[in-house]
Amino acid sequence: MNELYVRTTNHLSAIYNYVLESISIKKYLLVVFSVVMICAFTAGCGKRNYFLMEVENPVYKPNTVFETFEEISSATDYLIEKYRLDTIVNGESDEFKRILLLRHWLVSVIAIEDFGEPYPGQGNVEYMLDYALAGQGYHCAHFMRIQNAVMSAFGYVTRTLGSGPGVKDENDGHHGINEIWLNQYNKWFLSDAKYDHHFEKNGIPLSALEVRDEFLKNKAVDIRSVKGPDRVPFEFDEAAGLSHTDFAALYTWISWDANNNRFTAWPDYTELLIMYEDDFFRNNTWYRGGRPHWAYNTGYLKLVQNRDELYFTPNTISSETEIVGNVARIKLISYTPNLKEYQMKKLPDETWAAINQQVELELKNPEYEFIFRTVNLAGVAGPEHRILISSR
């Protein structure tokens, strides 16, 4: 009986120990499994798999055909100082309104005189402004050159254009105007300094080629002409003696200057015209002064078939991003005349900091939002470019 009791007790003890060991192993395995899962959910115990998220940014189009723009220099600074141009925009932060105020000032101090040859100071912006302030009038090409210099001095990328209806034996008059890059709209707009007006569609200022599209489509009935800093619509301009449709017809033919530095390069400005070679160009002829435009079949005319080459996007950023482990390598690309620096801010921090064109950024958090922009020598910032990096 005692022997049986001992054997039975030993057997139960063995079973008991086995059960305890089994429970301990399960607990151990459960702990290990839990640790593994926690590590997995925390991206490998401290290591995250980062990726670049898709973001809609202003479209970058490189400059491939335009050669020069005005340089921000002591000459442009002097222009602002001499004529106290900063007082015209003092207190106004809106970029578009600042441009319209500057344009309106030009009209207020320069009289229109279409038949004043020889014009005193012709070709030199400073001389022409001096004569204008003394009562001398000028024609559209002079307004165009002065507007180009003034806008450029404030850091607004500006270019010079020639245009006209170009109709044989009818109206082939020529007009000088500008296009100015608007950072807040991320587009070019046509600015007529002589008559202090531009065109808009649904409240958006239009480029010269957009006006041409509208005129060739239906005589520009879907757009409107607006005048002055307050953008007042008009159907007929008394100063010009032209209707809205007449103004739109001026952009049937357009030439852009490849060199847009008439102020800082004077008197050594280099003439080279750029024109859009589309079906209309190929099937028609631009008449000026009773005969085909002087630039046809010369070395002074460059034809462009791609609209994006005409309407490249200055100050706008494109980026190339490579993520290796927890480091993001970012290269910024832009065409920014008078570039001072690239800047970056890391949200939610709103502080901008100057950076190099190529940066390496260490990643630790689950998600990052970086904002980049260009800033030129006049302190004008370009459109913002976002990069969003996530590990989720």
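These questions and answers cover the cavities and nonpolar cores of a predicted model.

Trainee: How many cavities of 30 Å³ or more does a search of the whole structure find?

Mentor: The largest cavity holds about 70 Å³ of space. The search of the whole structure, with its cut-off of 30 Å³, finds 2 cavities.

Trainee: How many charged residues are in the lining of the largest cavity?

Mentor: The lining includes F69, E70, Y156 and N338. Glu counts as charged, so E70 belongs to that class. By class, the lining has 5 nonpolar and 5 polar residues, and the charged ones number 1.

Trainee: Which element gives the largest share of the lining of the second largest cavity?

Mentor: Among the lining residues are L209, W253, I254, W256 and Y276. Elements that give two or more residues are α7 (208-218), β16 (273-276) and β14 (253-257). The largest share, 3 residues, comes from β14.

Trainee: Which element supplies the largest share of the largest nonpolar core?

Mentor: This core has 34 residues, and F199, V211, Y251, W256, I274 and L310 touch the most other members. Elements supplying at least two residues each include β6 (175-182), β7 (187-191), α8 (244-249) and α7. The largest share, 4 residues, comes from α7.

Trainee: Which residues does I274 touch, not counting those up to four places away in sequence?

Mentor: I274 is one of the core residues that touch the most other members. Beyond four places in sequence, I274 touches V65, F66, I254, S255, W256, A258, K302, V304 and L310.

Trainee: How many residues are in the second, separate core?

Mentor: L79, V89, F143 and V150 are among its members. The second core is separate, and its residues number 33.

How values were computed:
Residues numbered from 1 in each chain as written. Predicted model: local features only at pLDDT ≥ 70, side-chain atom pairs only at ≥ 80, totals over all residues. Heavy atoms only, no water. 1 Å grid on protein atoms, 1.4 Å probe; cavity = no way out; pocket = protein on both sides within 12 Å on 5 of 7 lines; lining within 4 Å. Points joined across faces, edges and corners; volume = space filled by probe spheres on them. Core = buried A, V, L, I, M, F, W, Y, C linked by side-chain atoms within 4.5 Å. Buried < 20%, exposed > 50% of the residue type's maximum accessible area, 1.4 Å probe, protein only. Contact = heavy atoms within 4.5 Å.
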